[in-house]
Amino acid sequence: MEDNGTNSFKMVPGRSAPPGAGAPAVDPADEKSAGTPLPPGMSNIELPEITDAGGVDVAELVRETRVFDVLDELDTELVGLAPVKTRIREIASLLIVDMMRRRAGLDSERPTLHMSFTGSPGTGKTTVALRMATVLHRLGYLAKGHLVAVTRDDLVGQYIGHTAPKTREVLKRAMGGVLFIDEAYYLYRQENERDYGQESIEILLQVMENQRQDIVVVLAGYKDRMETFFQSNPGMGSRIAHHIDFPDYTLDELMAIAKLMLQQQRYDLSPEAEQAFHELIEIRMTRPRFANARSVRNALERARLRQAGRLVSGGQGFLTKDDLMRIEAADIRKSSLFKADAEAAGTPASENAHTG
Amino acid sequence: MHITQGTFSYLPPLTDDQIRAQIQYSLDNGWAVSVEFTDDPHPRNFLWEMWGLPMFDMKDPAAILLEVNRCREAYPGRYVRVNAYDSRLHRQTTALSFIVQRPAEEPGFRLDRQESHDRSIRYTLHPYATERPEGERYPRG
């Protein structure tokens with residue numbers, strides 16, 4: 001259990017109250033409940049009433065839930081993705097307002113929180129889902145706030161009667177947190193009517209509807225295929241409130257990501273290496289199966305490999321700390337991508353396309 | 001006759017919120033929780049039918065309650081209980097066990113006396129419910 005911040009909000013009387021509007025409406029029971037652990041569901045959170053006389057301090061609510069800390073982390077951790085970050089902030093704000101409305105006795109309906117994340121591979125969908133789980137946990141919409149990432153294989157069985165228990169098992173494990181279904185469209189196979197995926201979808205729908213307070217389902221995948229999936233499963237589409245599209249990274253953003261990764265791993269690019277890496281990413285972007293940040297990470301991994309090879313077999317007797325950290329242009333220029341590019345300008349060497 | 005058994009036998013039946021809290025306690029302790037059911041109320045009948053396998057790696061009591069409710073739906077007229085198993089070395093036993101559903105009407109028991117040697121008498125409990133075959137012992141099965 002992470003913290004008990006969620007149910008320790010105190011009303012701030014008089015902040016927005018008109019002068020002389022009456023006694024501050026602080027509920028003494030609320031003060032006492034501040035030390036109790038986070039209750040399992042939203043419905044159990046004690047929300048003192050907001051009367052006309054007492055107001056609520058938004059800033060304090062935000063501070064106490066530490067929701068925007070998570071979002072700020074997201075801002076520094078993830079390069080680019082401006083539209084996604086805005087949407088996530090909007091959703092978080094909506095939930096905060098919703099919470100205050102509930103306290104004012106205005107709205108008791110729990111909002112639908114199931115989401116769909118669309119975008120190319122490596123655009124940060126899983127990372128954002130992970131942060132979203134933390135945000136929802138801090139706001140009290142999820143009891144635990146963990147993330148269970150699955151694909152079709154984890155949900156769909158291999159023979160009759162195998163699918164339902166398998167799907168239910170996964171759903172049970174994800175309860176209190178977020179169930180992240182990667183490439184969700186594989187659940188539905190149009191060409192095969194007797195595919196067990198359909199059964200899995202039905203159970204998912206049932207739980208998404210009946211146990212909205214216990215689980216948040218995030219479906220992820222390529223945009224166009226997700227749209228087809230929602231068209232053929234209207235029940236699924238209508239139960240998802242937030243569709244968030246993750247744009248591809250630009251070249252500059254990918255470079256910024258590379259620098260961030262290197263910084264985290266305590267590596268350093270020499271200026272020439274930086275230029276080389278820039279060119280490498282430029283070539284890689286035109287190749288098939290380009291997976292944005294993931295491709296950048298793989299390219300860096302290979303550069304590290306070559307650097308290690310160079311250091312060990314290079315005959316340099318004495319290595320300084322700088323040597324261990326520095327990745328030189330040569331480590332990057334050796335990439336098969338450059339060779340393939342030089343050899344066959346125009347005809348892509350597909351067998352080399354996946355190597356960085 | 002209200003039959004009691006297990007950890008909270010001295011309390012009135014638990015509400016769903018109380019059951020949820022008990023399951024939460026079990027999960028916090030790292031115990032594997034399972035659901036079982038039976039229609040034989042004899043106190044010595046401790047091996048009940050299993051409703052699926054014990055549940056491992058669960059984080060939220062909602063998952064267990066889902067199974068409890070599915071079991072209640074399938075067997076509305078039987079006893080259902082929740083067990084929590086502590087698998088730690090040197091304990092390895094059921095740590096918590098309580099009834100979460102009982103039949104609407106429980107006919108109770110009769111005391112049978114058997115004349116034995118030397119005028120001694122043996123006593124045994126006879127549950128009225130077991131006079132009918134399994135599955136038909138309580139209305140609504």
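## Terms and model

Helices (H or I, at least four residues) and strands (E, at least two) are DSSP runs, numbered from the N terminus. On a 1 Å grid over the protein atoms alone, a pocket is an open set of points where a 1.4 Å probe fits, with protein on both sides within 12 Å along at least five of seven lines, and lining residues have an atom within 4 Å of a point.

The model is predicted: local features need pLDDT of at least 70 and side-chain atom pairs count only at pLDDT 80 or more, while totals for chains, interfaces and linings use all residues. Residues are numbered from 1 along each chain as its sequence is written, and chains are lettered from A in the order in which they are written.

## Largest pocket

The largest pocket holds about 660 Å³ of space, a volume being the space filled by probe spheres set on the grid points, which are joined across faces, edges and corners. Its lining has 28 residues, with A:G122, A:G124, A:T127, A:A293 and A:R294 nearest the centre. In chain A, α5 (125-138), β3 (178-182), α11 (251-265) and α13 (292-313) each give two or more residues to this lining; α5(A) gives the most, five.

The lining comprises 12 nonpolar, nine polar and seven charged residues (nonpolar: Ala, Val, Leu, Ile, Met, Phe, Trp, Tyr, Cys and Pro; charged: Asp, Glu, Lys and Arg; polar: the others, Gly among them).

## Second largest pocket

About 350 Å³ of space lies in the second largest pocket. Of its 15 lining residues, A:Q206, A:N210, A:Q211, B:L66 and B:R70 are the closest to the centre. Two or more residues each come from α8 (197-210) of chain A and α2 (61-74) of chain B, and α2(B) has the largest share, six residues. By class, the lining has five nonpolar, five polar and five charged residues.

Definitions and conventions
Side-chain values use heavy atoms; hydrogens and water are left out.
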